[in-house]
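Morning, everyone. Please put the model up on the screen, and we will walk through it together.

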Amino acid sequence: MYPTKYHKAASIDDAVAALGAGEEALVLAGGQTLLATMKQHLASPSDLVDIRAIDGMSGVSTDGDMLVIGAATTHAEVAGSADVQRLCPALAGLARGIGDPAVRHVGTIGGSIANNDPAADYPAGLLALGATVVTSKRQIGADDFFQGLFTTALDDDEVITSVRIPAASRAGYAKFRQPASLFALVGVFAAQGAGGTRVAVTGAGEDGVFRHVGLEAALGADWSAAAAGGVGVASEGLLADIHASAEYRANLIGVMAKRAVEAS
Amino acid sequence: MTNVSMTVNGKAVSREVPDETLLSEFLREHLRLTGTHVGCDTSQCGACVVHVNGKAVKSCSTLAASLDGSQVTTIEGLANGGLHPMQQAFTENHGLQCGFCTPGMIMTSVDMVNRYKADGKELTAQAIRGELAGNICRCTGYHNIVKAVEDAAAKM
Ligand SMILES: Cc1cc2nc3c(=O)[nH]c(=O)nc-3n(C[C@H](O)[C@H](O)[C@H](O)COP(=O)(O)OP(=O)(O)OC[C@H]3O[C@@H](n4cnc5c(N)ncnc54)[C@H](O)[C@@H]3O)c2cc1C
Ligand code: FES
Ligand code: FES
């Protein structure tokens, strides 16, 4: 790893100022992705701005039927939160299925969505649930936040502070794990609520997480595994790599959609 | 450089280290606690797992500077007089061969049993295998590791 300068931000203003002052400063949360990237010299930040000690950055609270999850809340904290289990058990299950216990003890929801790995779990959950990402300067709807492989709407000096997630009346998540990386080979999150029926797919899209219009129409008309199974999923625009062809992923999307509905 | 102070295995320690120092380097190179192993250095294998404030964490993927003021327990801090029940169970169930993965396996397993006990959940053999997803062993084939964890869980 190249030398870097570590800062422990005391407030959001402090973090934003440190990000602006550094030549190539980056936010550090759990470091479960960023430190590995630095070891490979794919990132060489001049400064790391650790946001975890900022007051109010971690923890889950509620605002009516809305879950408010601090950006530095770990996957284990989301999985274990009584509020998440009550208002959105599918999201608690998603968090419980990320990586392994040591990763869940340290990795954060803010880090996961800022990174927007095409095989990460949270982007599918947030997109299907119609979540809002709250940052140091604005609020961004999930539809606008995720913008392609490892790309988001965030500016360089912008810090995610929390995520607001409306409770769904029905929601389910099913993930087919890539056994070596533990990430999703394909993951499907299906939800129905005030925002209608939304189905988001991770692990499969060439441009990262996406909504599947066909599955949304079918499940909007009939929320059943049979309806999900009746949708033909095309392989155009899907990833192909050593782990799976685009056709295999297309088939898995249908299978995971059925399982997501069954789990809801 | 940053001055990092922590409590490691119950002892207060303090070292001036480069900001990019990993916890695994802090433990092995600065404190000479070489029981914590580094297998992959890419957060895949779990050989480097230690406890930070009571929770299992991969020390190769955590900055020492971010842990100022923390309580850290390594494999060296587990035995208290005699071996810890988890160490004893690994010995008795032949849960190790070359032993490279063992410090991480044991720290992960102690954390796992503690969490299941705190939540009042049953730790089945299948749950143990799931919980060990982040720990790789190239020798044993895992069966005896699972047996060891089941054995220790009954005694902890
Ligand atoms: C072995 C292993 C298995 C894993 N398995 C899975 C899996 O199954 N599913 C899955 O989804 N993920 C998985 N992950 C990734 C894991 O969830 C990480 O926790 C996550 O991708 C990054 O979160 P972090 O808090 O560690 O962020 P960091 O690594 O600290 O940061 C990641 C990126 O986000 C930026 N960032 C962090 N926080 C903020 C913020 N608040 N505002 C703005 N930018 C920010 C950083 O600058 C950096 O660019 C795995 C990781 C490992 C090591
Ligand atoms: S050395 Fe840390 S996980 Fe392999
Ligand atoms: S005993 Fe050799 S790697 Fe596990």
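Let's start where the chains meet. Across the interface of chain B and chain A, the rule finds 3 salt bridges. A salt bridge here is a side-chain nitrogen of Lys or Arg within 4 Å of a carboxyl oxygen of Asp or Glu. One to look at joins the side chains of A:Asp100 and B:Lys58, at 2.6 Å, N to O.

A word on ground rules. This is a predicted model: local features need pLDDT of at least 70, side-chain atom pairs count only at pLDDT 80 or more, and totals for chains, interfaces and linings use all residues. Side-chain values use heavy atoms, without hydrogens and water, residues are numbered from 1 along each chain as its sequence is written, and chains are lettered from A and ligands numbered from 1 in the order in which they are written.

Back to the interface. How many residues does the contact take from each chain? Chain B gives 21 and chain A gives 26, with contact meaning heavy atoms within 4.5 Å. The two chains bury about 1800 Å² between them, and 57% of that is on carbon and sulfur atoms. Buried area is the accessible area (1.4 Å probe) that two parts lose on being put together, summed over both. On the chain B side, B:Asp19, B:Glu20 and B:Leu63 lose the most area to chain A, together 27% of what that side buries.

Now the rings. Over all chains, the count is 2 aromatic pairs. Rings of Phe, Tyr and Trp (its six-membered ring) pair if their centres lie within 6.5 Å; planes under 30 degrees apart are stacked, over 60 edge-to-face, the rest tilted. A:Phe145 and A:Phe146 have ring centres 5.0 Å apart and planes at 90°, so they are edge-to-face.
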